Amino acid sequence: MTATDTELQPRVKGLTRRQKRRVSRGAQYVVFVAAVVALAVTADWGRLKNQFAQWDIARQMFPDVITLALKNTVLYTVSGFVVGLALGMIVALMRLSSVGPYRWLAGIYIEIFRGLPALLIFIFIGVAVPLAFPGTEIVGGTYGKVALALGLVAAAYMAETIRAGIQAVPKGQMEAARSLGFSPARAMVSIIIPQAFRIILPPLTNELVLLFKDSSLVLFLGVTLEERELSKYGRDLASTTANSTPILVAGLCYLLITIPLGFVVRRMEAKAQEAVK
């Protein structure tokens with residue numbers, strides 16, 4: 001058998017790995033295109049347009065959908081993120097503490113609030129807290145309740161993210177700071193935590209996106225017309241007009257925030273990977 005025959009033998013028996021990958025990729029494209037075409041052909045676009053794309057109804061939503069609903073959604077999200085970040089930092093430091101009870105309390109908090117649905121936390125803040133402490137009002141009214149509920153949920157996730165970021169900082173950074181006369185607390189605040197935040201900035205931004213969507217649970221706290229966020233605003237108008245166009249517009253407003261934030265997260269992750277390389 002000649003050398004040429006030996007080279008041709010794998011091709012006679014079957015496709016090469018590269019050819020198999022090309023065939024597999026082509027088959028996936030064909031299946032995808034066929035599914036899209038099938039959906040496009042079988043869907044009743046007329047009924048969808050009548051139910052979700054009534055321009056007259058959508059036009060009536062402006063500017064309130066931006067100046068009221070979207071504004072409230074952003075305020076709820078930002079306030080919840082600030083509370084969650086502050087509480088998450090405290091829980092993360094407790095988790096890393098050399099004091100046993102601190103670590104146990106932090107661990108219990110994280111397991112409970114990561115395991116419970118956010119909806120139950122909102123109901124707890126709206127119902128259980130007033131029953132447990134009669135006459136007590138949470139500062140900020142509805143905004144304060146939402147900030148607390150979102151913050152309690154977010155802190156459990158942020159605490160683990162911050163803890164991982166702190167542990168990712170080389171131990172030599174702490175040793176160098178101590179050799180320069182820094183106390184452990186000052187070294188943590190001035191040296192370790194700033195470096196940790198550069199590491200965990202992408203996942204924290206991703207947590208902000210999740211909080212933006214979780215803010216829709218504010219309706220379970222009972223809100224006034226001026227305190228409605230996007231989901232509540234869209235649902236109320238959909239009930240009034242007997243049409244789902246307001247829900248679609250509210251969803252598009254969510255995308256105005258989440259898509260740019262998602263792009264920012266991807267850019268930060270790419271830069272972090274380049275820095276590692």
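Predicted model: local features only at pLDDT ≥ 70, side-chain atom pairs only at ≥ 80, totals over all residues.
E160 is classed as buried because its relative accessible area is 15%, a value under the 20% cut-off.

The structure holds six salt bridges. Another of them links the side chains of D236 and R228, at 3.3 Å from N to O. The two partners fall into separate accessibility classes: D236 counts as partly exposed, at 21% relative accessibility, whereas R228 counts as buried, at 12%. Salt bridges with shared partners also connect R95, E160 and R163 into one network. In general terms, side chains of opposite charge can pair when their charged atoms come close.

Helix 6 covers residues 100-115. A salt bridge joins the side chains of R114 and E111, with 3.5 Å between N and O. R114 and E111 are separated by about one helical turn because they stand three residues apart in helix 6. R114 is partly exposed, at a relative accessible area of 32%, and E111 also counts as partly exposed, at 49% relative accessibility.

Y109 is likewise found in helix 6. Its relative accessibility is 14%, so Y109 counts as buried. From Y109 to S216 the separation is 107 residues in sequence and 24 Å in space, taken C-alpha to C-alpha.

## A nonpolar surface patch

A nonpolar patch on the surface is formed by I108, I112, L116, L120, I123, V127, L131 and F220, which together have about 730 Å² of accessible area. Helix 6 and helix 7 (118-132) each provide at least two of the patch residues. The most is given by helix 7, with four residues.

I112 is one of the patch members and is located in helix 6. With a relative accessibility of 42%, I112 counts as partly exposed.

## The bend in helix 10

Helix 10 comprises residues 184-214. A straight helix of 31 residues would span 45 Å at 1.5 Å a residue, but the end C-alpha atoms of helix 10 are only 37 Å apart. The helix bends by about 60° at I200.

T142 is found in helix 8, which runs over residues 142-168. T142 is buried, as its relative accessible area is 11%. The side chain of T142 makes a polar contact with the side chain of E227, at a distance of 3.0 Å.

I90 lies in helix 5. Its 47% relative accessibility means that I90 counts as partly exposed. I90 and A159 are 69 residues apart in sequence, while their C-alpha atoms are 7.7 Å apart in space.

## Backbone features in the loops

The peptide bond from F62 to P63 is cis, and its omega is near 5°. P63 is placed in the loop between helix 4 (55-60) and helix 5 (64-96).

A242 sits in the loop between helix 11 (230-241) and helix 12 (245-276). With a relative accessible area of 65%, A242 is exposed, the cut-off for that class being over 50%.

Definitions and conventions: Residues numbered from 1 in each chain as written. Heavy atoms only, no water. Patch = residues over 30% accessible without salt bridge, like charges linked within 9 Å, V, L, I, M, F, W, Y side chains within 5 Å. Areas by Shrake-Rupley, 256 points an atom, 1.4 Å probe, with all protein chains shown as cover. Salt bridge = Lys/Arg side-chain N within 4 Å of Asp/Glu carboxyl O. Buried < 20%, exposed > 50% of the residue type's maximum accessible area, 1.4 Å probe, protein only. Expected span 1.5 Å × (residues − 1). Bend = angle between axes of the 7 residues up to and from the residue. Polar contact = N/O pair within 3.5 Å; in protein donor to acceptor, adjacent residues only side chain to side chain.
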